[in-house]
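Student: Please take a close look at one loop in this model. Then walk me from there through the other parts, in short steps.

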Amino acid sequence: MRYIKFSCLIILFFSIYSCSTKINKNADDGIIKLSFIQINDVYEIQPLEMGHAGGMARVATQKKLSLKENPNTFLVMAGDFLSPSIYNSLKVNGVRVRGRQMVEAMNVAGTDLAMFGNHEFDINENELQSRINESKFDWISSNTFHNVNNSSEPFYKIENGSKIPFPETRIINISDADGTTAKIGFIAVTLPFNKASYVVYTDPLEAAIKAYNTIKDSCDIVVAITHQAMPDDVILAERLPQLAIIMGGHEHDMRHQKVGNVWITKAHANAISVFKNDIVINKKNKNFTTTTSLIYMNDSVALDSAASVVVKKWEDISNKNFASLGFDAKKIVINNGETLDGKEAHVRSQSTNLTRLVVKSMEAACPEADVAIVNSGSIRVDDELHPPISQYDILRTMPFGGAIVEVDMEGSLLSKILSIGLTNIGTGGFLQYSEKLTHNEGKWFISGKPIEDSKIYRVALTDFLLTGGESNLELLTDKNPSIKKVYPLATEISNPRSDIRLAIIKYASK
Ligand SMILES: [Zn+2]
């Protein structure tokens with residue numbers, strides 16, 4: 001008994017002793033580490049590729065794993081997450097979803113900081129404000145502002161009834177177990193791409209330099225979060241060579257490049273991968289080192305249970321909605337074969353195997369039509385589709401859907417809209433059309449025969465094209481005297497003309 005008590009005392013003594021020596025030995029070693037989990041361009045909350053790739057529930061797990069390693073871990077979103085999405089066409093209780101599913105998923109995944117990508121301004125001002133107010137994370141914006149009656153004001157979040165403006169720069173204080181502290185500065189710039197009337201931009205490079213100079217002397221390091229084209233990030237790294245890192249977005253395919261001492265990182269879209277960027281700051285010599293690693297969000301990363309609940313909730317909402325439109329989201333359409341190219345840069349400037357599939361599906365759904373025409377802007381996936389390709393993949397590829405309409409039109413109008421389609425290169429008004437259509441020196445041919453101005457042709461179009469809403473194609477409406485007949489629309493979901501996506505699924509399943 002006595003012996004036990006004594007040994008306890010000894011243990012107690014030694015543990016106090018060793019504990020105090022530990023504190024003394026490690027007190028403020030001048031070294032502090034922080035980690036960023038970086039995501040960018042995420043439009044899908046659930047995993048893709050039959051559940052094996054991406055998903056916000058895997059991002060949530062990665063954040064938790066990194067937090068265990070280092071409490072100074074931050075999950076950062078480098079823009080593009082509220083649109084485009086198949087969810088944006090859905091309504092819940094009469095209100096369009098417009099990115100709400102993504103904000104909920106980002107909240108539960110533990111997002112710390114977000115910035116605008118160009119796609120955040122696809123939704124309207126009120127919808128964006130609602131999404132911002134729903135977000136539980138912080139925002140930053142160095143060059144993108146709210147146009148309020150032609151005056152430039154910061155965007156803001158309404159939290160507990162008060163307006164919290166988005167800062168142009170942020171500084172956060174971090175500390176570690178041995179008492180080392182550091183100030184981390186942030187700047188964030190967005191490319192001035194989406195000209196929504198309620199947004200104003202200043203020049204991204206100038207704004208970044210200005211923001212950097214404002215905080216550089218008050219911070220141990222400055223981190224840039226950007227949403228712009230890679231060449232602009234390279235210039236930014238050249239102009240601000242002391243940046244600790246540039247975490248960017250916009251490209252969708254992974255980017256990893258070092259310019260001078262500055263790493264530029266962009267993960268794959270849809271959280272197929274994340275970057276884990278570790279920065280070690282040495283306060284004694286005012287130095288830092290940045291280490292970047294790409295982590296694939298594949299089956300080796302578990303799905304976080306809390307995030308999965310949110311994802312499942314939205315999946316159920318969307319599946320119910322899809323079922324009412326005749327879709328079985330999980331069903332496989334294309335089991336194997338080539339990767340389909342839906343990258344926006346390609347789809348809006350040339351034909352790809354995906355655009356050819358869309359046009360062929362329209363032709364199959366409308367066997368009496370002479371030709372089929374689709375606006376490339378109806379393809380919104382901006383990604384490659386790897387088989388197996390599910391009905392959900394087809395839905396997210398063409399989130400707007402819409403019926404296929406058939407019209408009789410004069411050859412003069414047909415030639416005209418096809419020529420306008422060519423000049424619309426780079427925009428959603430760039431037209432994809434039947435392979436039997438060719439052109440030479442401004443003249444159009446069907447299977448080698450010239451299109452005659454006064455001859456009537458039966459043309460299959462997306463219903464959106466016939467609204468005249470596509471750029472430079474305002475003339476394409478049923479009011480145009482060159483349109484002689486509009487065939488009755490198919491509305492029953494058993495008819496593939498009722499929705500272009502049903503037409504694709506039917507054609508591709510064969
Ligand atoms: Zn973008």
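**A loop and its surroundings**

Tutor: Pro-388 sits in the loop between β23 (384-385) and β24 (389-390). Strands here are DSSP runs of E with at least two residues, helices are DSSP runs of H or I with at least four residues, and both are numbered from the N terminus. The peptide bond that joins Pro-387 and Pro-388 is cis, with omega about 0 degrees.

Before we go on, two notes on reading this. The model is predicted, so local features need pLDDT of at least 70 and side-chain atom pairs count only at pLDDT 80 or more, while totals for chains, interfaces and linings use all residues. Residues are numbered from 1 along each chain as its sequence is written.

Now compare another loop. Pro-84 is found between β2 (73-77) and β3 (91-92). Its bond from Ser-83 is also cis, with omega near -10 degrees.

Next, look at backbone angles. Asn-93 is in the loop between β3 and β4 (95-96). Its phi is near 50 degrees, a positive value in a residue other than glycine. Asn-93 counts as exposed, because it has 4 C-beta neighbours inside 10 Å. The cut-offs go like this: a residue is buried if 20 or more other C-beta atoms, placed from the backbone, lie within 10 Å of its own, exposed if 12 or fewer do, and partly exposed in between.

Ala-271 also has a positive phi, about 55 degrees, and is not a glycine. Its loop lies between β17 (262-266) and β18 (273-282). But Ala-271 counts as buried, because it has 30 C-beta neighbours inside 10 Å.

Which charged residue should you look at now? Lys-33 is buried, because 20 other C-beta atoms lie within 10 Å. Leave out residues up to four places away in sequence, and Lys-33 touches Asn-70, Asn-72, Asp-278 and Val-280. Touching means contact: the C-beta atoms, placed from the backbone, lie within 7 Å. Lys-33 and Thr-73 are 40 residues apart in sequence, yet their C-alpha atoms are 9.0 Å apart in space.

Strands of a sheet pair through backbone hydrogen bonds, either parallel or antiparallel. Two strands count as paired if DSSP finds at least two bridges between them. Strand β7 (residues 144-148) runs antiparallel to strand β13 (residues 199-201), and three bridges join them. In this pair, Phe-145 has Val-200 of β13 as its bridge partner. β7 also pairs in the antiparallel sense with strand β8 (residues 151-153), over three bridges. There Val-148 stands opposite Ser-151 in β8. β7 and β8 form a hairpin with two residues between them, and Asn-149 in the turn has a positive phi of about 50 degrees.

Now a helix. Helix α11 (residues 411-423) has 13 residues, and at 1.5 Å a residue it should span 18 Å; its end C-alpha atoms are 19 Å apart, which agrees. The expected span is 1.5 Å times one less than the number of residues. Buried residues of α11 are Leu-413, Leu-414, Ser-415, Ile-417 and Gly-421. Among what covers them are β25 (404-410), β26 (431-433), β28 (443-446), β30 (456-462) and β31 (483-486).

Finally, step back. The protein chain has twelve helices and 31 strands. Of its 510 residues, 47% count as buried. The domain assignment, an automatic or database one, gives domain 1 (27-307) and domain 2 (328-509). Their centres, taken over C-alpha atoms, are 36 Å apart. Ten residues of domain 1 are in contact with ten residues of domain 2. The C-alpha atoms of the protein chain fill a box of roughly 105 × 55 × 45 Å along the principal axes.

How values were computed
Two residues are in contact if their C-beta atoms, placed from the backbone, lie within 7 Å.
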